[in-house]
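Here is a friendly walk through one structure, taken a piece at a time. Have a look at the sequence and the model first, and then we'll start from a single residue.

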Amino acid sequence: VAAGVGVADGGGVIITLLTDFGTVDGYVGAMKGVLASLTPAAVIHDVSHDLPAGGIREAARALHRYWLRYPPGTVHLVVVDPGVGTRRRPLALSARGRFLVAPDNGVATPLLAPGETTSVVEIQWPFPAGGQGGAPAPDPFPLSLSRTFHGRDLFAPAAAWLALGGAMAELGPQATDPPLVFREPSPRRGASGVLGEVVGMDRFGNLQTNLPGEWFPRGGTVELAGWQVYLVESYGFREPGELLAVVNSDGVVEVAVRDGSAAAFTGAGPGTSVFGTPSS
Amino acid sequence: VAAGVGVADGGGVIITLLTDFGTVDGYVGAMKGVLASLTPAAVIHDVSHDLPAGGIREAARALHRYWLRYPPGTVHLVVVDPGVGTRRRPLALSARGRFLVAPDNGVATPLLAPGETTSVVEIQWPFPAGGQGGAPAPDPFPLSLSRTFHGRDLFAPAAAWLALGGAMAELGPQATDPPLVFREPSPRRGASGVLGEVVGMDRFGNLQTNLPGEWFPRGGTVELAGWQVYLVESYGFREPGELLAVVNSDGVVEVAVRDGSAAAFTGAGPGTSVFGTPSS
Amino acid sequence: VAAGVGVADGGGVIITLLTDFGTVDGYVGAMKGVLASLTPAAVIHDVSHDLPAGGIREAARALHRYWLRYPPGTVHLVVVDPGVGTRRRPLALSARGRFLVAPDNGVATPLLAPGETTSVVEIQWPFPAGGQGGAPAPDPFPLSLSRTFHGRDLFAPAAAWLALGGAMAELGPQATDPPLVFREPSPRRGASGVLGEVVGMDRFGNLQTNLPGEWFPRGGTVELAGWQVYLVESYGFREPGELLAVVNSDGVVEVAVRDGSAAAFTGAGPGTSVFGTPSS
């Protein structure tokens, strides 16, 4: 395929960026420079560069919260890549009209949930389409692939290619083995109640459980770390400093302290068991 | 009013974003995705997501520094919202051609300073204009309002509505009660001098007082924490490591250490009294 | 020269931003507001605002990684400016089609490397072109220069001027004295081996040396802090937790621990000697 055939200028297409690079070393700047050189008309959105180093589960959890909020056509780029320089595969995925470019280490989990119809290709380098997706190399850099920074040299050019309207198939062949997926612990329903666990904790100290809010249609209570907590409509039903449970913005039960930290209050954290009793 | 009547595409309109969410949890990504879905042609500027959790005074202080630097038409979005899920009102304000969308908890103080002519509406949900400001819901999400994340579900759509050129009145009725405003301590002028206090401290350890620079037309001295400090023209009048006072970029007296931290040097901080003696 | 003659609207031109301001104080927001007011059609890219306070060497090192990755025409703005209010010169530089606006304190080093052809002007204030680069002052601010915040009042307007296509010469006269440049320690080659040192450390604890990768065409070993480490092709040649050396994405030898921190593992850091033995 001739370079650039059928490839638009990417005007207005969004490329989101999630990494564990921090910003001070200039690595993120280098990636954004490559994106800007290859897709001048695309729009770059920083999601975060402050993930813990190698925090692939944290990356998947964050991606889950935003990938579908962006409009179709958006290219999500996730470079949390402790396996750079090993045999881990670089992937490009497509689901519900959004794209993801990322290493095959579990961060793609949200696009591979049960029920999703997802295309997956293994990115080859150089791209079959020719060099960096058929686009001219960003002056004055020759096309090359470093051993330690595939974010700049492989993932960013692949994201640029998709933002320009290039085909997934031009990045490499369909993946034969399925991508790595994180399995979250499944909550269980019994006769006497439901059993789950804390699966996440945000910056405010809110404790996310894996108990679906819909299992508590008439409210109820949850117990964790020795505390029994009532599900309430919202934070306003408790006083500042009081413990509460609420169905959160992800649709699951969350334990929180109004104007405080439930993690500090209870000592609970990811892995802590949660026993729920829905009201009958 | 029919959805979309008189609403432009928001091309080039800037939406600024100030939160206490951090970035790693993906909440900011979710908000930016909603903004991008509803106002594809608007431009999003991150101001900060690293405010201390619940730091509403810090938010107001930061907003004070940037809201008027942006061009007219800009929509400032501030989501520091410890009261989400309580009765605190969601507000949209307009002053000097700029907009602010924020909870009613004091963060709007800069737009409500004496002398400002400010319109204020209480945002209703769903918007009277219809759903999310009359704009189509971002596929594939139905219109809904979570209990814990009004930044994504209410404030971002309201900001998008204004960026699209939608009318304030379509977001809700004029506010009847005045919004909450922080009162900064007022400095006083006496026969023997002027009395103020430290009201802020920045990342560099510079101590901002509430003493207006114009009260020192011929220079003078300030005393705080046992130190007497001369007002100088600029940092260059002192050696590295020396204490000095200067009229800062906000127009108030600031105590600083050249190439160092006045907070560490003096032990002073917000609330410390400052006694000034303008030169005669 | 009449204001605005030959000045385009800056559509699509990128202005990158690197500071040590942090974001929470709103100073970065103020700078971005000024840029948006003066160059509405330019695109602002945050590189980092989290440099250590006064971290001019860190700024130069980061800039080195990204300045050439951006397309020609890009304006790089670096405001790490502990000398604000002293006699340090504000500079605008041009090399390889990219611009840099920064204080004269060494951060411009990457654009002044041996072999670069670089133009340098000393920015005057107000600009000879008239006010803020001939552009209208951002309403409602008069043109003024604070003593403590040249990032907002001088560097951002100068960057905006260049983004609009304004001439360097309209910002001030050619620099007579050469700008300050950091001299990195030079590695040396001897009969028995090569001698260098650790010159940088990134967020992951990787140790960058100043030994060029091309000095090890057939591999070899490096010694530091009592450890002898083999150069390998990539991280994949070692197990998690093992020490290795690799030619990194900057083209120099880097000592790393797979899935870990070489800084923590070895105790080495910037300044630690590194003795290399290329394979023969």
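Leaving out residues up to four places away in sequence, A:R152 touches A:A30, A:M31, A:V34, A:S146, A:P157, C:R69 and C:S249, where contact means heavy atoms within 4.5 Å. A:R152 sits in helix α3 of chain A. Helices here are DSSP runs of H or I with at least four residues, strands are runs of E with at least two, and both are numbered from the N terminus. With a relative accessible area of 6%, A:R152 is buried. The cut-offs are under 20% for buried, over 50% for exposed and partly exposed in between, using a 1.4 Å probe and protein chains only.

A few ground rules before going on. This is a predicted model, so local features need pLDDT of at least 70 and side-chain atom pairs count only at pLDDT 80 or more, while totals for chains, interfaces and linings use all residues. Residues are numbered from 1 along each chain as its sequence is written, chains are lettered from A and ligands numbered from 1 in the order in which they are written, and side-chain values use heavy atoms, with hydrogens and water left out.

**Two helices in chain A**

Helix α1 (residues 27-38) and helix α3 (residues 150-163) of chain A have axes that come within 9 Å and cross at roughly 35°. Those axes are lines fitted to C-alpha atoms, for helices over the stretch in contact, and angles run from 0 to 180 degrees between N-to-C directions. On the α1(A) side the contact is made by A:A30, A:M31, A:V34, A:L35 and A:L38, and on the α3(A) side by A:G151, A:R152, A:A156, A:P157, A:A159 and A:A160.

A:L162 is another residue of helix α3 of chain A, and at 4% relative accessibility A:L162 counts as buried. A:V101 is 61 residues from A:L162 in sequence, and their C-alpha atoms are 9.2 Å apart.

**Where the chains meet**

How much area do the chains bury between them? Buried area is the accessible area (1.4 Å probe) that two parts lose on being put together, summed over both.

| Chains | Residues in contact | Buried area | On carbon and sulfur |
|---|---|---|---|
| A and B | 32 from chain A, 32 from chain B | about 2,900 Å² | 53% |
| C and A | 32 from chain C, 32 from chain A | about 2,800 Å² | 53% |

In chain A, A:R69, A:R203 and A:S249 supply 27% of the area buried against chain B, more than any other three residues. In chain C, it is C:R69, C:R203 and C:S249 that lose the most area to chain A, together 27% of what that side buries.

B:F204 gives a view from chain B, in the loop between β8 (194-201) and β9 (207-212). B:F204 is partly exposed, with a relative accessible area of 22%. Setting aside neighbours within four places in sequence, B:F204 is in contact with B:G260, B:S261, C:D20, C:F21 and C:A53.

Is strand β9 (residues 207-212) of chain C largely enclosed or left open? Six of its six residues are buried, so β9(C) is largely enclosed by the rest of the structure. On one face are C:L207, C:T209 and C:L211, on the other C:Q208, C:N210 and C:P212, and both faces are covered.

Strand β8 (residues 194-201) of chain C runs antiparallel to β9(C), joined by three bridges; two strands pair if DSSP finds at least two bridges between them. C:V198 has C:T209 as its bridge partner in β9(C). The two strands form a hairpin with five residues between them, and C:G205 in the turn has a positive phi of about 85°. β9(C) also pairs with strand β13 (residues 252-257) of chain C, antiparallel and over three bridges, with C:Q208 opposite C:E254.

**A sheet in chain B**

Chain B has an open sheet of six strands in the order β2-β1-β3-β5-β4-β6, with mixed pairing. β2 (43-48) and β6 (119-122) of chain B stand at the edges with a single partner strand each, so one side of each has no neighbour in the sheet.
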